[in-house]
Amino acid sequence: MRPNATIAALLAAFCSTPAWATPAFDECAVNAAIRYEAGFEQSTLETLDNSAYAAIEPCRAALDEDPQSAQLQTWLGAAYLASGDFEQGVPLIEAAATAGNARAMQVLGDALVLGEGVTADPKRGTAMLQAAADAGFAPAMLGLGYSYEFGDGVAADLTAAFKWYAMAAELGMPRAAFLTGNAYASGRGVGQDDAGALHWWLSAADAGLAAAQYAAGQFVLEGRGGPADPAKAGELFGRAAEQNHRDAIVALAFMRDQGLGVEADSELAASDFEQAIQQQSAVAAFDLALMYEVGHGVPRDAIRAQELYIEAASGGEMRAANNLALLMLNNGFDPTGAFEWMEKAAKAGNAAAMNNLGRMYELGLGIAADPAAALSWYEGSSSAGYALGASNLSRLRG
């Protein structure tokens with residue numbers, strides 16, 4: 001049964017600060033307290049992900065001084081869990097959660113929902129998150145939003161998920177702000193609202209969240225939710241690219257290649273595309289292949305272009321499959337292979353490839369001539385709105 005919200009809030013407040021502080025307590029707090037805990041709003045820590053090991057020794061020393069402190073149990077237990085030591089961490093978190101510490105309830109709740117270090121129990125985990133969220137603890141609100149979005153321990157409810165994401169966002173959680181923006185952008189759990197999406201993405205972007213910087217950059221570039229501002233978009237993509245966000249690297253490279261909102265620099269753009277290719281970006285491989293095919297920003301190199309088109313097409317970029325087939329035909333590399341790649345792109349719904357496949361059937365390039373098949377592919381291309389497909393359809397019909 002969910003604890004009374006008022007009682008939970010009082011317990012959380014009571015456990016948030018010690019009756020007396022010692023140097024050991026203060027050292028533990030510096031290394032383990034996060035900024036959403038009452039009394040520790042000035043902490044520079046968002047989570048313990050990158051500082052868990054540093055927190056263990058000072059918090060162990062502090063807990064030795066005051067073994068009954070739920071606050072110290074929470075900090076040490078959270079540090080153990082974040083470092084992967086569930087054997088020592090779970091009992092401490094269980095004890096602190098039972099004492100009513102909101103952060104302990106959130107940490108334990110997340111662990112129970114995900115089955116991390118404990119036997120999965122989504123129902124109990126979500127009840128823990130609910131109690132901590134009712135006590136006003138922002139990270140628990142975020143976790144509760146996830147539970148409602150994915151139906152973990154409760155019936156899936158996108159409206160409830162949005163409510164909790166938005167509440168956590170209002171309390172300054174960057175991840176929650178990003179998810180609130182996502183909800184507004186997609187209309188999941190709330191009315192679709194580009195301006196609302198951009199507002200919350202920019203809030204998360206200002207806090208340094210790369211995914212939000214990229215999402216906001218897309219909207220700013222396209223003029224969704226506010227005026228188009230290529231320079232601002234370039235700045236947002238650049239900040240995300242500095243954090244090695246793959247899609248932001250690709251977007252920034254494209255803008256550099258086009259001189260859109262940033263200084264034109266095709267050589268740097270090519271270097272950026274190479275960086276994104278190392279992260280398996282099919283789009284980057286396609287864009288760089290285009291550059292090699294025509295010798296733009298890099299030396300002209302049909303063999304390298306073909307290699308990159310194959311990499312991009314194998315990664316699902318059907319524009320690359322279409323271009324690869326054309327490159328094979330134009331350079332006499334492999335008509336049969338060209339047909340196979342063109343067919344793959346056409347069957348995936350690429351309108352240009354449908355037209356080109358129709359042409360290959362009409363002329364017998366890489367396949368036996370088949371006017372009926374040519375007509376069928378021209379029809380598909382025309383129906384997809386491709387002007388050349390419509391023209392070829394009209395011509396073949398006579």
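Where is T119 found? In this predicted model, T119 sits in the loop between α6 and α7, the latter covering residues 122-134. With a relative accessible area of 68%, T119 is exposed. From T119 to F162 there are 43 residues in sequence, and the two lie 28 Å apart in space, C-alpha to C-alpha.

N244 has a positive phi of about 70 degrees, even though N244 is not a glycine. The loop holding N244 runs between α13 (230-242) and α14 (246-258). N244 counts as partly exposed, at 38% relative accessibility. Q280 also turns up with a positive phi, near 60 degrees, and Q280 is a residue other than glycine. Here the loop is the one between α15 (266-277) and α16 (282-294). Q280 has a relative accessible area of 63%, so Q280 is exposed.

Next comes the question of covalent links. A search of the whole structure turns up one disulfide. The partners are C28 and C59, with a distance of 2.0 Å from S to S. C28 belongs to helix α2 (residues 23-32) and C59 to helix α3 (residues 52-65), so the pair ties together parts that are 31 residues apart in sequence. The link of C28 and C59 is right-handed, with 95 degrees about the S-S bond. How accessible is each end, buried or exposed? C28 has 0% relative accessibility and therefore counts as buried, the cut-off being under 20%. C59 is buried too, at 0% relative accessibility.

Then there is the matter of open space. The largest pocket has a volume of about 1,000 Å³. Its lining is made up of 30 residues, and those nearest the centre of the pocket are T47, D49, Q106, D110 and L142. Which helix gives the most to this lining? That is α6, which supplies seven residues to the lining of the largest pocket. Helices that each bring at least two residues to the lining are α4 (70-82), α6 (102-114), α8 (138-150) and α10 (174-186). Sorted by class, the lining of the largest pocket comes out at 19 nonpolar, four polar and seven charged residues.

The largest nonpolar core has 131 residues, and the members that touch the most other members are W75, W201, L288 and Y309. What does Y309 touch, once residues up to four places away in sequence are not counted? The list for Y309 reads F286, A289, L290, E293, A320, N323, L324 and L327.

A few helix residues round out the picture, starting with E94. E94 lies in helix α5 (residues 86-98). E94 is partly exposed, its relative accessible area being 24%. Leaving aside neighbours within four places in sequence, E94 is in contact with L108 and R124. Along the chain, E94 and A70 are 24 residues apart, and their C-alpha atoms are separated by 9.9 Å.

A211 is placed in helix α12 (residues 210-222). A relative accessible area of 23% makes A211 partly exposed. Not counting residues up to four places away in sequence, A211 touches F178 and H245. What separates A211 from A133 in sequence and in space? The two are 78 residues apart in sequence, and from C-alpha to C-alpha they are 25 Å apart.

Last up is E362, which is found in helix α20 (residues 351-363). Which residues is E362 in contact with, leaving aside neighbours within four places in sequence? The partners of E362 are A369, A374, Y378, R395 and L396.

Methods:
Residues are numbered from 1 along each chain as its sequence is written. This is a predicted model: local features need pLDDT of at least 70, side-chain atom pairs count only at pLDDT 80 or more; totals for chains, interfaces and linings use all residues. Side-chain values use heavy atoms; hydrogens and water are left out. A disulfide is a pair of cysteine sulfur atoms within 2.5 Å. Helices (H or I, at least four residues) and strands (E, at least two) are DSSP runs, numbered from the N terminus. Buried means under 20% relative accessible area, exposed over 50%, partly exposed in between (1.4 Å probe, protein chains only). On a 1 Å grid over the protein atoms alone, a cavity is a set of points where a 1.4 Å probe fits but cannot get out, and a pocket is an open set with protein on both sides within 12 Å along at least five of seven lines; lining residues have an atom within 4 Å of a point. Grid points are joined across faces, edges and corners, and a volume is the space filled by probe spheres set on the points. Ala, Val, Leu, Ile, Met, Phe, Trp, Tyr, Cys and Pro count as nonpolar, Asp, Glu, Lys and Arg as charged, and the others, Gly among them, as polar. A nonpolar core is a set of buried Ala, Val, Leu, Ile, Met, Phe, Trp, Tyr and Cys residues joined through side-chain atoms within 4.5 Å. Contact means heavy atoms within 4.5 Å.
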